[in-house]
Amino acid sequence: MKTPLIGQYEAMHDKGHFAGLSSLPYAGRIKELIDEYGARTILDYGCGKGHQYSRHDMSAGWGVTVSLYDPAVPGFTGKPRKADGVVCIDVMEHIEKKDVPAVLHKIFGLAGKFAFFVICTRASKKMLPDGRNCHLTIEPPSWWGGVITEAMDRSKSDAQMIAIYREGL
């Protein structure tokens, strides 16, 4: 379902933002998680334009099937499929605070073995077309840890949660 916020991000994508490259530094950590949990499938939830795969082959050596989802990028807007691992890098802070629990619940419903989050905890240098900061939910790691744990518990997921909090991405 397209929302006004998704429209804001579509406009940002049209201007060349959000290629997906902020994921690249985490390729090694994701490979470790794939090996640790025996994952065969990965969903990149909020993949941006997917350049981390199409131009940089981030998943080379992972030995898994990767599917991409981003509600603001044509070609990646289809219903996301359940996967052994879900990676969600530089995404959650772009969600409006009131929607964070529902999005997390959805992610844990898609994650069979693990969900890996990287969340920025400061304002972005980018602004949405409507003038708001692109990072709509700026909270400390303690807040994110609590809301993620609550969503994981509510979803009754067996997936493990791995999170990295950063002041800058």
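**Reading aromatic pairs and a helix face**

Q: At 9% relative accessibility, does Tyr69 count as buried or exposed?
A: This is a predicted model. Tyr69 counts as buried, at 9% relative accessibility. Buried means under 20% relative accessible area.

Q: How is a pair of aromatic rings described?
A: By the distance of the centres and the angle of the planes. The structure holds 6 aromatic pairs. One of them joins Tyr37 and Phe114. Their centres are 5.4 Å apart, with 35° between the planes, and the pair is tilted.

Q: Which parts of the chain does the pair of Tyr37 and Phe114 tie together?
A: Tyr37 lies in helix α2 (residues 27–37) and Phe114 in strand β4 (residues 111–120), so the pair ties together parts that are 77 residues apart in sequence. Tyr37 is partly exposed, at 24% relative accessible area. Phe114 is buried, at 0%.

Q: What pair do Tyr45 and Tyr69 form?
A: A tilted aromatic pair. The distance is 4.9 Å centre to centre, and the planes are 45° apart. Tyr45 sits in strand β1 (residues 41–45), and Tyr69 in strand β2 (residues 65–69). The pair links distant parts of the chain, 24 residues apart. Tyr45 counts as buried, at 7% relative accessibility.

Q: Which residues are buried in helix α1?
A: Helix α1 covers residues 4–14. Its buried residues are Leu5, Ile6, Gln8, Tyr9, Met12 and His13. Down the axis of α1, these fall within an arc of 155°, so they line one face of the helix.

Q: Which exposed residues does the face turned away carry?
A: Pro4 and Asp14, on the face of α1 turned away from its buried side. Gly16 follows α1, with a positive phi near 95°.

Notes: Residues numbered from 1 in each chain as written. Predicted model: local features only at pLDDT ≥ 70, side-chain atom pairs only at ≥ 80, totals over all residues. Heavy atoms only, no water. Phe/Tyr/Trp six-rings, centres within 6.5 Å; stacked < 30°, edge-to-face > 60°. Helix = DSSP H or I, 4+ residues; strand = E, 2+ residues; numbered from the N terminus. Buried < 20%, exposed > 50% of the residue type's maximum accessible area, 1.4 Å probe, protein only. Arc of directions from axis to C-beta.
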